[in-house]
Amino acid sequence: MGTGRSHVRTLRTALTPVLVLAVILLGGCGRVTGLLDRVSLFHPVWAADGWVYYLREVTSTSGSGVAEVWRQRPDGSAEEPVLTRAPEVSTCEAGLFSFLFAGPGGDLGVALECGWDETALLSYSPADKTFEPLASTRFLVDAALVHGADRGFVQAPRECGPGGIQLLADGKAYEFGSPVTVGGATFNLSGGDTDCESTVLARSPAALGDRLFFITAPDSLGRLPLPPEVSPDDLTWHLTEWDVGSATARFVTELPGIADLAVSPDGRSVIAAVSSDHVGGVWSVDVGTGKKTRIADGADAYDPSFSPDGKRFVYVEGFKRLRFAEAR
């Protein structure tokens, strides 16, 4: 550690005159650190108003950064900040933006990180510039609402592992009341804090009506929490559909790695953006047949979102840029 830090200090010392000269040549004695800031993009949501909303975070050389909500036109004709600071609500004062999701009625869903172990879900109306509270629960990393804001599904890390799917109702998150049986295997989806032997890793909820889609790794059963020598990339991941009405589940297809999901407005296909160490890109999966087609290349694809008409989608490539493509 000491040797590495010494090398970094030496490198910075050597580069400092070069950076100062670059600043002068570009227009005077501005802030040198601005040249080294890193911009990262997360969680795009294609809203009903035609804009794509996303989180934008600028990380300085000191390592600090706070996310803001921005939006962009799909044709690239306009880009602008929307919310530069998180709102103060009664359930979450001085919160930070955590992730975005599709809100009720085509509005934007905003998740705030409140302290160490709490998340507040809000609906934001871009037209009225107002917020409505949806839920206040323990720490979450993703959410998928169904039937407006009535209920939905969330992803929450638990003691048994980083991924677990829970029900969302009445503004609170609840563990599944009974195990799920898929392909002859019975396991717990919620990743509870006890009985890890019956739990599997499950993540990336995407919902439409009474249908929940997620990915799960059946070969994680009985192995949680994973030991340090086992990576989630080493597991076999399946796109899975769970029917809320009949409480039945099925494996749709095997995916080439860990994926973020989006379900089309007609429910016929699911987009899987894969960011595995082994392979990356975006796949379109026919829900009825399980056939998957690679529709976008790229090593690191994240957070897909369909356009309101289902003809196009957007995703993040390498946390650096938004990519748009035709849905097939």
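**Close-up views of a predicted model**

**Figure 1. The disulfide of Cys160 and Cys196 is left-handed, because the torsion about its S-S bond is about -85 degrees.** The sulfur atoms of Cys160 and Cys196 lie 2.1 Å apart. Cys160 has a relative accessibility of 1% and therefore counts as buried. Cys196 has a relative accessible area of 18%, which also places this residue in the buried class, for which the cut-off is under 20%. The coordinates shown in this and the following views are those of a predicted model.

**Figure 2. A disulfide joins Cys92 to Cys114.** The distance from S to S is 1.9 Å, and the angle about the S-S bond is -110 degrees, a left-handed link. Cys92 is located in the loop between strand E4 (79-83) and strand E5 (96-102), and Cys114 in the loop between strand E6 (108-113) and strand E7 (119-125), so the bond ties together parts of the chain that are 22 residues apart in sequence. Cys92 is buried, at 1% relative accessibility. Cys114, at 9% relative accessibility, is likewise buried. The structure holds two disulfides, and with the bonded cysteines counted along the chain their pattern is 1-2, 3-4.

**Figure 3. The second largest pocket has a volume of about 240 Å³.** Its lining comprises 15 residues, of which Arg268, Ser269, Ser284, Ala327 and Arg328 are the closest to the centre of the pocket. Strand E21 (residues 280-286) makes the greatest contribution to this lining, with three residues. Sorted by class, the lining of the second largest pocket consists of six charged, five polar and four nonpolar residues.

**Figure 4. Pro256 occupies the loop between strand E18 (248-255) and strand E19 (259-263).** With a relative accessible area of 29%, Pro256 is partly exposed, a class that lies between the limits of 20% and 50%. When residues up to four places away in sequence are not counted, Pro256 touches Val274, Ser276, Val279 and Trp283. The C-alpha atom of Pro256 is separated by 7.9 Å from that of Thr236, a residue 20 positions away along the chain.

**Figure 5. pLDDT stays under 50 over residues 1-33.** For this segment, the model has ten contacts beyond four places in sequence. The protein as a whole averages a pLDDT of 84, and 85% of its residues score at least 70.

**Figure 6. The protein contains one helix and 25 strands.** Of the 328 residues in the protein, 46% are buried. Among contacts with a separation of 6 or more, 40% are accounted for by residues 24 or more positions apart.

Definitions and conventions
Residues are numbered from 1 along each chain as its sequence is written. This is a predicted model: local features need pLDDT of at least 70, side-chain atom pairs count only at pLDDT 80 or more; totals for chains, interfaces and linings use all residues. Side-chain values use heavy atoms; hydrogens and water are left out. pLDDT is the predictor's confidence in each residue, from 0 to 100. Contact means heavy atoms within 4.5 Å. A disulfide is a pair of cysteine sulfur atoms within 2.5 Å. Helices (H or I, at least four residues) and strands (E, at least two) are DSSP runs, numbered from the N terminus. Buried means under 20% relative accessible area, exposed over 50%, partly exposed in between (1.4 Å probe, protein chains only). On a 1 Å grid over the protein atoms alone, a cavity is a set of points where a 1.4 Å probe fits but cannot get out, and a pocket is an open set with protein on both sides within 12 Å along at least five of seven lines; lining residues have an atom within 4 Å of a point. Grid points are joined across faces, edges and corners, and a volume is the space filled by probe spheres set on the points. Ala, Val, Leu, Ile, Met, Phe, Trp, Tyr, Cys and Pro count as nonpolar, Asp, Glu, Lys and Arg as charged, and the others, Gly among them, as polar.
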